[in-house]
Amino acid sequence: MSGIRVESVTKKFGDFVAVDDVSFAVEEGELVALLGPSGSGKSTILRIVAGLETQDHGHVYLTGEDVTSLSPQKRKIGFVFQHYALFKHMTVEKNIAFGLEIRKKNKTQIKKKIAELIDLVKLNGYEKHYPSQLSGGQRQRVALARALAPEPKVLLLDEPFGSLDAKVRKNLAKWIRQLHDRIRVTSIFVTHDQSEAMEIADKIIVVNRGRVEQIGNASEVYEHPKSKFVASFVGNVNVINGRTYVSHIAIEGTEGRISQKTEDVPEDQDIVLLVRPEEVVIEETASKDSSIPAVIEEIHYRGSFYEVDLRIGANDIKSFVQKERYKSNPWTVGEHVFVLFTQFKVFEASEGHQAIHRMLKQLGYIE
Amino acid sequence: MKNNRATALAPSEMIPRSLSLFYIGFLIVLPIVAITAEAFKGGLQNLFHQIALPEGLYALKLTFFLALFLALINIVTGTATAWVLVRYSFPLKTFMNALIDIPFAIPTVVTGIMLVVLYGPNSPIGSFFEKQGIEIIFNKPGIILALLFVTFPFAVRSVQPVLMEMEKDMEEAAQTLGASRATIFFRVILPTLLPSILTGAALSFSRALGEFGSIVIVAGNIPFKTQVASVYIYGEIESANIQSALGTAVVLLFSSFIVLFFLNILQKWSHKHER
Amino acid sequence: MSDEHRCVELTRSRHRIGQWLLLSFVLIWFFILILTPLIGIIKETFSQGIEAVKNSLTTPASMHAFWLTLVITASAVVLNTLFGTILAVVLARQNFKGKLFLESLLDLPFAVSPIVAGFMFILLFGPRGWIGNWFSSLNIKIIYAFPGMLIATLFVTLPFVAREVLPVLREFGPEQEETASTLGASQWQTFWRVTLPSIKWGMAYGVTLTIARSIGEFGAVLVVSGSIINKTQTATLRIHDQFTDFNYAGAFSAALLLAAFSFFLLNIIQCIYKKKGSAST
């Protein structure tokens, strides 16, 4: 089987379990994201695939070959580091040529390859420049060209956009996708930015605390999260406390209720309700049985939409409202309204939901 | 620029500046001007004649040769020691790291005495070597030992911080590109370290050129055998042969300038690729 | 342990031999070069017995020598800290023509041989020297007397404080001082309450280096002082004198005393160096 296969890999640093029995497969030619918060073990997993770290248990297969005991030198991989790791004392050309010189290619071959890659990464004219003379985005492109020069079977990128500013990141991310479509190298990139992962990856592997939480494409992971963690990490989400009853779900602190049965969780349970802000609809009057009374707390203009903070019962939630909708009937702070959820997911509340709250706070999604 | 004040100089700026200029002028510039002027007073011909006097010329040659030899040894030992201190862990490492600076703290005469005690003709080691026909103290090996001791910290401390700051990911990148450990050392690590290694060598060289206290004790100061330039100059001053002392002193002085200049260039070079 | 792990261990152990060789080489070098001389001198000194050591250390000549070293060192520290700090402030905060040249001059004392240094001052301050001429007409002795020795010591220790304070000042930038002045502080207040605290560790490090160098200074002071017993002999000059007189007990004990003090000083230097490092982060 070609591509990348990771089987039951575990890695401990002392007592700390960084990678806990992780298994996944990447098809040949796929571009896959390893997505997770900092400390989730995603970089460690990538480095184990590269051979820069040694796992305690498990195997790694690259294009069908068991590389578990091979050093990084022998694995024929390309690796792009977060801070580029360019050879500061070498020109752009020499950096790119490095891997080829190691493999003892002759001069004409090397020259040809360099020219190809310079063209590919659009750095024509910069061949004789030194890394210190380049911008962050340019350095990253050199790092990419250097990694691709020896024609590796597998390309690994460790937070490649981590040290760049937002605009450059977006452009570079899109550009990596286009590049990948052209050269079709099996690739894994590590990121903590879920919008980036969703934008360019064929498949997303969501990682938390050393474990794989879910594997799927962007819409699978976003629309059908398999756990609280995935639901709240991928995309924005509101977390609401409630309880299931026989024929409805009650929201904590309010009489509002959702007249629906849910199959996900048995009745008579404390639950958390996860709703995306774009799935929260605000209405002036209660239209259905599932309308919940709410109070408008704050309204923020975000350029292409409005972000409205509301309070339902003991919960604070956010709603994203389209500009036209808002303009047609602007609300005021303190106004009493109703909200309706077009979609939501229900999970059992356990100590877990406190953890989600903490994490969301950390990520800045909630105050 | 940060100093965008009015061009009129406030006394609060003028006073410190004048004090600084005066201090440096009086303590550094004036003495150098004085010795240079005195040396050239008798004319260029005379100066060369004084420098070329057989005893002094031999002393100069010996000094330069020993300093160069020493700098080369230090390049290897200094880099190796810095490497071990940064990359390995072993018992008593902190102890050893602290002791590297001892030559900076110990008076040079004390160094000389320690070496005589340890390697002199009456010591176990010294007498052993004497039987083999190798004189350590009162001969060239003793001088080299003294110089190695006093210059060791330069060689290590120039390289050590640069090695510590080196980002590991450059080496890891080279690994992923297929480079063996030796290749990584010679093509990635060494080029990065080169300016600091050369700085250590230049500092060692400069210090060795001028070293006096330890050598005067250890070397026996025999003309045409173990008399280095600094000892020769001292002898000439004591014998009131100012002219010959001036000649050799000026050579040493200008060598120092050249080394300083070289060190400056090295500094600029090492920062060329930083950002 | 599974097969793969044994493999990984083996490839690593191939490098282990090389590592062990390098480590042994460095340790042996260090042992021969640095450790054994230290051990040797301790042994030799006490081979004559503690009484001999005490006696030679307390002769009037020796006591005077230690005293002289102390006075010169203290004076050098005070003067060079004062001027060195002023210099550093001028170089870090002011802009004028020739500033770079001035800064490069700072390194000169390091590069010049101590004998040449002493020689320069004889030429300047000797009885028929450029400046000495004037002083001798006033009957003030500079060479072969305390002033000359102090000047020579000032020369060799000049750069230490300045070079340690300068980068600290540069790293901190003038913003803090500018803030202080916007808050109403006078120049002096700003210096005392903002600048000085920020450079204190750099300064302390420079001071300890100055002390170490000043105590150890030999060549320049030898030339300039004439090494007259009980008058112009510092501790290092005394050691040299005793050694050439074959008074080994005296030479060794004084040497050991200075060496012990150097150790002590070295420790302080290291501590301050660490403090200096963490203060700038």
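This is a predicted model: local features need pLDDT of at least 70, side-chain atom pairs count only at pLDDT 80 or more; totals for chains, interfaces and linings use all residues.
Local features are reported only at pLDDT of at least 70 and side-chain atom pairs only at pLDDT 80 or more, while totals for chains, interfaces and linings use all residues. Residues are numbered from 1 along each chain as its sequence is written, with chains lettered from A and ligands numbered from 1 in the order in which they are written.

Start with chains A and B. Here 20 residues from chain A meet 18 residues from chain B, where a contact means that the C-beta atoms of two residues, placed from the backbone, lie within 7 Å. On the chain A side, β6 (77–80) and α2 (92–102) are the elements that give two or more residues; helices (H or I, at least four residues) and strands (E, at least two) are DSSP runs, numbered from the N terminus.

Between chains B and C, 65 residues of chain B touch 65 residues of chain C. Helix α1 (residues 11–41) of chain B puts the most into the chain B side, 17 residues. By class, that side holds 47 nonpolar, 12 polar and six charged residues.

On to the cores. A nonpolar core is a set of buried Ala, Val, Leu, Ile, Met, Phe, Trp, Tyr and Cys residues joined through C-beta atoms within 7 Å. Buried means 20 or more other C-beta atoms within 10 Å of a residue's own, exposed means 12 or fewer, and partly exposed is in between, again with C-beta atoms placed from the backbone. The largest core runs to 151 residues, and those with the most contacts inside it include I113(B), I233(B), V116(C) and F119(C). Helix α8 (residues 146–172) of chain C supplies its largest share, 15 residues. Beyond its neighbours within four places in sequence, V116(C) is in contact with G210(B), I233(B), A249(B), L252(B) and L253(B). Apart from this core lies another, of 100 residues, with L31(A), I118(A), A197(A) and I204(A) among them.

Finally, the backbone. Most residues other than glycine have a negative phi. D21(A), not a glycine, has a positive phi of about 55°; D21(A) sits in strand β2 (residues 16–26) of chain A and counts as partly exposed because it has 14 C-beta neighbours inside 10 Å. F246(C), also not a glycine, has a positive phi of about 65°. F246(C) falls in the loop between α12 (235–244) and α13 (248–279) of chain C, and its 9 C-beta neighbours inside 10 Å are why it counts as exposed.

Key. Ala, Val, Leu, Ile, Met, Phe, Trp, Tyr, Cys and Pro count as nonpolar, Asp, Glu, Lys and Arg as charged, and the others, Gly among them, as polar.
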